[in-house]
Structures are given as C-alpha cells and as structure tokens.
Amino acid sequence: MADPIIEIVNLEKKFRNKNTEVYALQGINLSIRKGDIFGIIGKSGAGKSTLVRCINMLERPTGGSVLFEGRDMCRLSTAELRKARRSMGMIFQQFNLLMQRTAEENVCFPLELAGVSREKARSRACELLELVGLADRIRSYPSQLSGGQKQRVAIARALATNPDVLLCDEATSALDPATTESILSLIKDINQRLGITAVIITHEMSVIEKICNQVAIISHGKIAETGAVEEVFFHPRTEEARQLVIPEALQNMPHERLYRIIFNGRSSFEPVIGNLVLACGCPVNIMFADTRDIGGTAFGQMVLQLPDDESVCRKIRDYAEAKGLMLEEMSHV
Ligand code: ADP
C-alpha cells in the first residue's frame, strides 16, 4: 500500500461571525495516499471548500494539523509554504482564468511567479496545453473558449509547476454531463500517466463513482464515513452514505421489507430476479433499479419489496445467500 501524501489530523476550522462562532470543520481525520483519486463529497455548506482550502493553507486551521509529505503545513515558513503550494495545483468550479491573457499566457503565469524564464515558461505551456488537448487553442482568450476548454486551460495551469497533488474544488459543477465526463477522464489520465494524486471535492456521487478510488463523506463539518468507493457503495454504514447511494425517490417511501440487491459483472448477465421468483415460488415487488459506473465497471442496483410472509422472506434471503447475491435489508432509508 502506498504511503500517505496528505494526512489530516484532528483538523478544526472555526469562523467568527460577529459574536457567534461557526465550526466549519471539527475532528477531521483523513489519510490520502500517493496516487489516490480521493473524493470528498457532501451537501452544500458541509465544509468541503473549507477543508480543501485548509489542505493548502489558503485557510488557516484553528486546530489540528495537515501533514503534506510528512511535514506540518501549519509550521512552515512563508518561503517553505510557497514551495509546498507549488506542489499542490488547484482547479475551481469557475476556472479562475485571467481574462486578458491567452491560454498560453494563463499557463505561463505561475511559472513567471516562480521565476522561470519567459522562453522556458512558453515551451512548458505549449507542452501542457497539448497534454490537455488544446494544442490548437494556445492563442485563444478565455472568452473564446467553451467551459470545458477553460477548465482544460486551468488544469494545464495547475500542472505548470509539476505538482504532486491536484486539488479539484467542484471542478465539473459548471459543466454539462458530456463535458464533465471528458474532464473527469482527463483528470484520471493525468493521475495515471503522471502519478499525480487527485483530491476531488464534489456534491455529486456520480463524479465519485466515475473516477475516485477512495471517498470521504462530510456532513456538518465532520467526516461521516470514509473508505473505498466500492465498499461505501455496497455497504453504506451511515445515514449520510445511504442517502448518497440510494436514490432520493426511495427515501420517503414506506420501507418495510425493502432489500437492496447489487449486481456485478457476473450476475447482470443472468435472469437473477426471474430465477429467484421461480425458486422461491413467490413474486417480489421491484421498487427501483439503476446502473452505476464505478471505476469503469457497470454495477446494477435494485430495490425489492419482499412479501409479508416471514417464512417466504427467509426463503428468499437463503436463496440469495446460496447464490452469492448481495441482498441487504434497508432498515434505515
Ligand atoms: P461547502 O463547500 O461544503 O459548501 P463551506 O466550506 O463553503 O461548505 O462552508 C462550511 C461552513 O462554513 C458553512 O456553514 C459556511 O457558512 C461557513 N463558512 C465558510 N466560510 C466562511 C467564512 N469565511 N466566514 C464565516 N463562515 C464561513
């Protein structure tokens, strides 16, 4: 298992508004390993942006620590912090490009700040714009680019200083689904080809499922659940995780005798429900079904309502277990 690159230990961030104190983050503990695509998901106001801004010290924590490659970010000198920040590229929902500069000049900007010569900076910018698929838009201004192209420029700019980590704060939230898909693929490609660790802040489970290997669910400034994406999808342990993997439409339904069944590659080619009904001699009610793309593999989930009769329910549960099907009672939808 790879070493941690970012370790967050008992992190706290408290804001003072007039006479009241707001805890945006409390008791946050996370370990992000080298090479991870680590997703942090939560609703609006949960503390996601504050957390990512505490990682690169754009926001100073009021307690705890953030270790980056083993060094406490809170204890670095100004010069050391500047250097550490260069190792952490960041992209945003609104791209944050300089509108009076071309794509190339935007990518050159952090290199100019780092004292790189103009010539070297331009050649690096060309390389990076080619990497993100914009070789033909080097001289375009942001106003001449689509949202997806602007985010590609922002990614190239974030990569200019050869970072070890790419922090993505709602990077696809302003994009349509097809563009979102292409930007997520680009981030995954960068992670795999350049070995850059990515931290993905989002409110959308589909973003997590598409590219992340690890996920942390944040709610009211605290981590509700963390683990491998598949594990959280198959066995959500907390209410917050269940709300993310189980569709909203089901959450207000009466939930007696509701069971969630997950189909992986093997089971999705078999008439699982048909066989179950035939074997148990009793129909089941299909309340919901969808397919999720988790790390490139299609997983189906279905929510069934089993009959009133407990002996029939037991028969169905035994059948599922014998067939190796993942059938979980949804006791708290
Ligand atoms: P998210 O990114 O998940 O939407 P934020 O990190 O922006 O959440 O905010 C978390 C909480 O911290 C919210 O209650 C928000 O109002 C509060 N907060 C964020 N920034 C500030 C600030 N500068 N001053 C006061 N409160 C803030």
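Me: How far is an oxygen atom of the ligand from a polar backbone atom of Ala46?
Reply: This is a predicted model, so local features need pLDDT of at least 70 and side-chain atom pairs count only at pLDDT 80 or more, while totals for chains, interfaces and linings use all residues. Residues are numbered from 1 along each chain as its sequence is written, and side-chain values use heavy atoms, with hydrogens and water left out. A polar contact here is a pair of N or O atoms within 3.5 Å; within protein, one must be able to donate a hydrogen and the other to accept it, and residues adjacent in sequence count only if both atoms are side-chain atoms. For Ala46 and the ligand oxygen, the distance is 3.1 Å.

Me: Which backbone atoms of Gly47 lie 3.0 Å from an oxygen atom of the ligand, and how much of the ligand's accessible area does the protein cover?
Reply: In Gly47, the atom 3.0 Å from a ligand oxygen is a backbone N or O. The ligand on its own has 560 Å² of accessible area (Shrake-Rupley method, 1.4 Å probe; for residues, only the protein chains shown count as cover). Of that area, the protein covers 62%.

Me: Which element gives the most to the shell around the ligand?
Reply: The residues around the ligand, with a heavy atom within 4 Å of it, include Phe15, Asn17, Lys43 and Ser44. Helices (H or I, at least four residues) and strands (E, at least two) are DSSP runs numbered from the N terminus. With three residues, the largest contribution to the shell is from H1.

Me: How do the residues of this shell divide by class?
Reply: Ala, Val, Leu, Ile, Met, Phe, Trp, Tyr, Cys and Pro count as nonpolar, Asp, Glu, Lys and Arg as charged, and the others, Gly among them, as polar. By that scheme, the shell around the ligand has three nonpolar, six polar and two charged residues.

Me: Which element gives the most to the lining of the largest pocket?
Reply: On a 1 Å grid over the protein atoms alone, a pocket is an open set of points with protein on both sides within 12 Å along at least five of seven lines, a cavity is a set where a 1.4 Å probe fits but cannot get out, and lining residues have an atom within 4 Å of a point. Of its 18 lining residues, Arg85, Arg86, Met88, Pro110 and Leu113 lie nearest the centre. Four residues of the lining, the most from any element, come from E6.

Me: What is the volume of the largest cavity?
Reply: The whole structure has two cavities of 30 Å³ or more. Residues lining the largest cavity include Cys168, Glu170 and Leu184, and E8 gives the most to this lining, with three residues. By class, the lining has seven nonpolar, two polar and one charged residues. The volume of the largest cavity is about 50 Å³.

Me: Which elements give two or more residues to the lining of the second largest cavity?
Reply: The second largest cavity has a volume of about 30 Å³. Its lining consists of Phe234, His235, Arg260, Ile262, Met326 and Glu328. The elements that supply two or more of these residues are strand E11 (258-263) and strand E14 (326-329).

Key. Grid points are joined across faces, edges and corners, and a volume is the space filled by probe spheres set on the points.
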